[in-house]
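Subject: Structure handover

Hi,

Here is the structure for you to look over. My notes follow below it.

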Amino acid sequence: MESYLSSVIKQFRYYKSLGDKTIEALGFEELQKELVRDSNSVSIIVKHLVGNMRSRWTNFLTEDGEKSWRERDSEFEDTFTSKDELVENWNNGWACLLNAIEPLTEEDLECIIYIRNQGHTVTEAINRQLAHYSYHVGQIVFLGKLIKGEHWDSLSIPKGESKTYNKEKFSKAKGRRHFTDDL
């Protein structure tokens, strides 16, 4: 289970980095752009993720993950006034998550915690949130790609570059490592 904790922390950091790179590539107006009426902009998705992270991971071992102070519906209203404010909130949400899970031990993983009175082991709660956050970060990246169009710099293997990428990977000796170690 020690490898599980190490792996999920790397996974969370990886998804944060994809969001970081997308946010960095976009101007404030682009972050606020809704591609169709009543859709979510990058800014709104960031606000939702931050609200979820703060609620789920604040005192998560002792309090329900859906905090009474959370205003989920307001997370879908874009109220950021600058890119700096958005980035600060984004970083604070991820810090809340990472500060909660980095000190966990193997024994903690089987503890029962609650989200809206539904019991989860800590492992189940981590998996639930990893899936939720990767889903929304994927939306952020996709919106960034749509907004930037031909000016988008791929965050994964660029089209037409699979053979080159694989050649470089297979040139290394086999070994156990996390896929994010080479990023």
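Which residues in α1 meet which residues in α4? On the α1 side they are Ile 9, Phe 12, Arg 13, Tyr 15, Lys 16, Gly 19, Asp 20, Ile 23 and Glu 24. On the α4 side they are Lys 83, Leu 86, Val 87, Trp 90, Asn 91, Trp 94, Leu 97, Leu 98 and Ile 101. The residues of this contact divide into eleven nonpolar, two polar and five charged. Please keep in mind that this is a predicted model.

How do the two helices lie? Helix α1 covers residues 2-25, and helix α4 covers residues 83-101. Their axes come within 11 Å and cross at roughly 180°. Angles over 145 degrees count as roughly antiparallel, so α1 is roughly antiparallel to α4.

The overall picture

The protein has six helices and two strands. Read from the N terminus, the order is α-α-α-α-β-β-α-α. The C-alpha trace spans about 50 × 50 × 25 Å along its principal axes. There are 183 residues in the protein, and 39% of them are buried. Take the contacts with a separation of 6 or more: 73% of them are between residues 24 or more positions apart.

Helix α3 and what follows

Helix α3 runs over residues 42-57, which is 16 residues. From first C-alpha to last it reaches 22 Å. That is close to the 22 Å expected at 1.5 Å a residue. Is α3 enclosed or open? Of its 16 residues, 15 are buried, so α3 is largely enclosed by the rest of the structure.

His 48 sits in α3. Its relative accessible area is 3%. The cut-off for buried is under 20%, so His 48 is buried. Leaving out residues up to four places away in sequence, His 48 touches Arg 70, Arg 72, Glu 75, Phe 76, His 132 and His 136.

Asn 59 follows α3. It lies in the loop between α3 and α4. Its phi is positive, about 50°, although Asn 59 is not a glycine. Most residues other than glycine have a negative phi. With a relative accessible area of 42%, Asn 59 is partly exposed.

Two further positive phi values

Arg 116 also has a positive phi, near 55°, in a residue other than glycine. It is found in the loop between β1 (112-115) and β2 (118-121). Arg 116 is partly exposed, at 46% relative accessible area.

Gly 149 comes after α5, and its phi is positive, near 60°. Helix α5 itself covers residues 122-148. Its 27 residues should span 39 Å at 1.5 Å a residue. The end C-alpha atoms are 38 Å apart, which agrees.

Phe 28

Phe 28 is in helix α2, residues 28-31. Buried or partly exposed? Its relative accessible area is 22%, so Phe 28 counts as partly exposed. Phe 28 touches Phe 80, Thr 81, Ser 82 and Lys 83, with residues up to four places away in sequence not counted. Lys 83 is also one of the α4 residues in the contact with α1. Leu 98 is another of those α4 residues. From Phe 28 to Leu 98 is 26 Å, C-alpha to C-alpha, and 70 residues in sequence.

Thr 180

Thr 180 is in the segment after α6 (162-170). Its relative accessibility is 15%, so Thr 180 counts as buried. What does Thr 180 touch, not counting residues up to four places away in sequence? The answer is Lys 10 and Tyr 14. Gln 11 is 169 residues from Thr 180 along the chain, yet their C-alpha atoms are separated by 7.7 Å. The side chain of Thr 180 also makes a polar contact with the side chain of His 178, at 2.8 Å.

Best wishes

Conventions
Residues numbered from 1 in each chain as written. Predicted model: local features only at pLDDT ≥ 70, side-chain atom pairs only at ≥ 80, totals over all residues. Heavy atoms only, no water. Helix = DSSP H or I, 4+ residues; strand = E, 2+ residues; numbered from the N terminus. Expected span 1.5 Å × (residues − 1). Buried < 20%, exposed > 50% of the residue type's maximum accessible area, 1.4 Å probe, protein only. Axes fitted to C-alpha atoms, helices over the stretch in contact; angles between N-to-C directions. Parallel < 35°, antiparallel > 145°, perpendicular 65-115°, else oblique. Contact = heavy atoms within 4.5 Å. Nonpolar A, V, L, I, M, F, W, Y, C, P; charged D, E, K, R; others polar. Polar contact = N/O pair within 3.5 Å; in protein donor to acceptor, adjacent residues only side chain to side chain.
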